[in-house]
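Have the structure open beside you and follow along.

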Amino acid sequence: MQAAKHSDSMEEWSGDAFRSTETENSRKWNEDWREFESILDTGVKILNGEEDHGNNVALPRKRRVASSTYSNSGSGNHPNEAEGFQEQLKGFVKSTGELLEKLAQGCRDVVRQSLGGEDSVLVRRVGGMWAKFSPHMELVNQFLPEDRHPAHVWSVLLFVFFLTVAVLRTGTEQQEPAIKEVYSLSITADRIQLPDGRYIAYREEGVSASLARHSILVIHSFVSSRLAGIPGIKQSLLEEFGVRLVAYDLPGFGESDPHPHRNFTSSALDMIHIADTLGLGEKFWVLGYSGGGIHAWAALRYIPERLAGAALFAPMGNPYDSDMTKDEVRKIWEKWTLKRKLGFILAKRASSFLPSFYKRSFGKEIDHPIKSLSFTLGKKDGALVEQDFFIDFLHRDVQESVRQGSPAPFVEETLMQVNKWGFSLADLQVRRKLMKGFTWWFHSLFNEVQEVWEGFLGPIHIWQGMDDRVVPYPFNDYAKRMVPGATLHKLIGEGHFSYFCFCDQCHREIFVTLFGIPKGTISETFVTETVENG
């Protein structure tokens, strides 16, 4: 009996213990499931069992979708399925955004560690050079952030600058503006063919070859053409002095064919071929205006035996010429506007941008040649360029210069100017030639040796306006220093255009300086002498 009671007690105790354990396990499972649910739950709940039970249980994502599909399989609409997909998409986009944000933060931290600290790699490498250069930038550095090393700030600024230039360069290459068509490519000018097959266009004024007392070959300036010649020169003045004036288009300008490998030597050789073909005589004068002056200097260097003399009007030089003193360089650069300075810096340091630069400039120069000038004008120049006749002349001249639509000749001209010429102006000085070699020494033992002179022996005249903002006068102070035999005419109050263009009195003064008293043409002189002697 007692054993039976004991057995019943044990069964009751075992049942209570089992139920207690089951209850405890259920409680723990529910707590674990609620924690798991708080992590994975996206806010979507489904019915567990029949709808009328009213018990909602949150399930993991995979089970939730399956249950939702199962519970609504008998209906035509699936609201729970649609809602689940939208929420999943939102969650995916949000997670992707957070991942990208973390990636961006990581990249930012790497950049900060590389560039931002005093002990960064960039600061360590640039700091030494910056220590030497920074005293010259003290005024600008005052405006920089105080919590950053100047080397770091300037490196970031330079990086942004070059990145911007690269982006602009890419955009320029992808979308080049169309060049305005100003003329048809039909040939309208007189042309001659050179030995290499190229054609050179030219324009002739004055007296004919048989009557000419003096022949002048004119080299036009930058963004100009043969149509310029001596702007406004009177036919009567040319006849009075017996002058034959021939202006030609440089290779690639106007109607002249481009030269595949143009340099100063080829430029001088072109002049010889033009002179021989057109019959300018054994010796002729060369006239260079502004940018054409560099070719006149080349002619004096490479073909001096063919030249009777040279007339240069505000001849352009090389702003990077190593023979210039620091004071001469400073005086030249301080006369230019910021835009003009940037143009020369671009040509010297980043010449790959020049084709796009000139291509974009063509339309502006054609439509508004005065407004497109990259320099300011003095008083006399400013008054001249406002005249209708000058605007018409400049418009026609600029149109003709760019008619081929290619920036290549303009790039070539600029690069020839700012790079080494292959000769120095000092080479034009008249000086005794130093003879060397055994043959010369042996010859001098038995024969009287005549002195040999080198350099240009003829007259060189340079006219320079002192109010010239295009070619500052220090350029030709330097030229006079390098070529002491040249005559420098300093024109007080004159600018770049005012003395050379459309000035009858100026043209007469020029011819008197070059040729003396006018004697007319050769035939007129012959008739006059015959009458006097008859």
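My entries start with confidence, then go on to the sheet, its helices, a salt bridge and a surface patch.

**Confidence.** I am working with a predicted model. I noted a mean pLDDT of 77 for the protein chain, with 61% of its residues at 70 or more. A reminder to myself: where pLDDT is low, the predicted coordinates should not be read in detail.

**The sheet.** In what order do the eight strands of the open sheet run? I read S3-S4-S6-S5-S7-S8-S11-S12, with mixed pairing. S3 (190–193) and S12 (487–491) are the edge strands; each has a single partner strand, so one side of each lacks a neighbour in the sheet.

**Two strand pairs.** I followed S5 (residues 214–219) and S7 (residues 284–289), which run parallel and are joined by four bridges. Val218 has Leu287 in S7 as its bridge partner.

Which strands does helix H17 touch? H17 (residues 474–482) packs against S11 (460–465) and S12, and its direction makes about 160 degrees with that of S12. I also traced helix H18 (residues 504–515), which lies across S5, S6 (243–248), S7, S8 (307–313), S11 and S12. H18 runs at about 155 degrees to S11.

**A salt bridge.** My search of the whole structure gave 23 salt bridges. I picked one of them, where the side chains of Asp504 and Lys234 meet at 3.2 Å, N to O. This pair links distant parts of the chain, 270 residues apart: Asp504 belongs to helix H18, while Lys234 sits in the loop between S5 and helix H7 (235–241).

**A surface patch.** Last, I asked which residues make the nonpolar surface patch of about 450 Å². I listed Phe85, Leu89, Phe92 and Val93. Val93 has its place in helix H3 (residues 79–116).

Methods:
Residues numbered from 1 in each chain as written. Predicted model: local features only at pLDDT ≥ 70, side-chain atom pairs only at ≥ 80, totals over all residues. Heavy atoms only, no water. pLDDT = per-residue confidence, 0-100. Patch = residues over 30% accessible without salt bridge, like charges linked within 9 Å, V, L, I, M, F, W, Y side chains within 5 Å. Areas by Shrake-Rupley, 256 points an atom, 1.4 Å probe, with all protein chains shown as cover. Salt bridge = Lys/Arg side-chain N within 4 Å of Asp/Glu carboxyl O. Pairing = 2+ DSSP bridges. Contact = heavy atoms within 4.5 Å. Axes fitted to C-alpha atoms, helices over the stretch in contact; angles between N-to-C directions.
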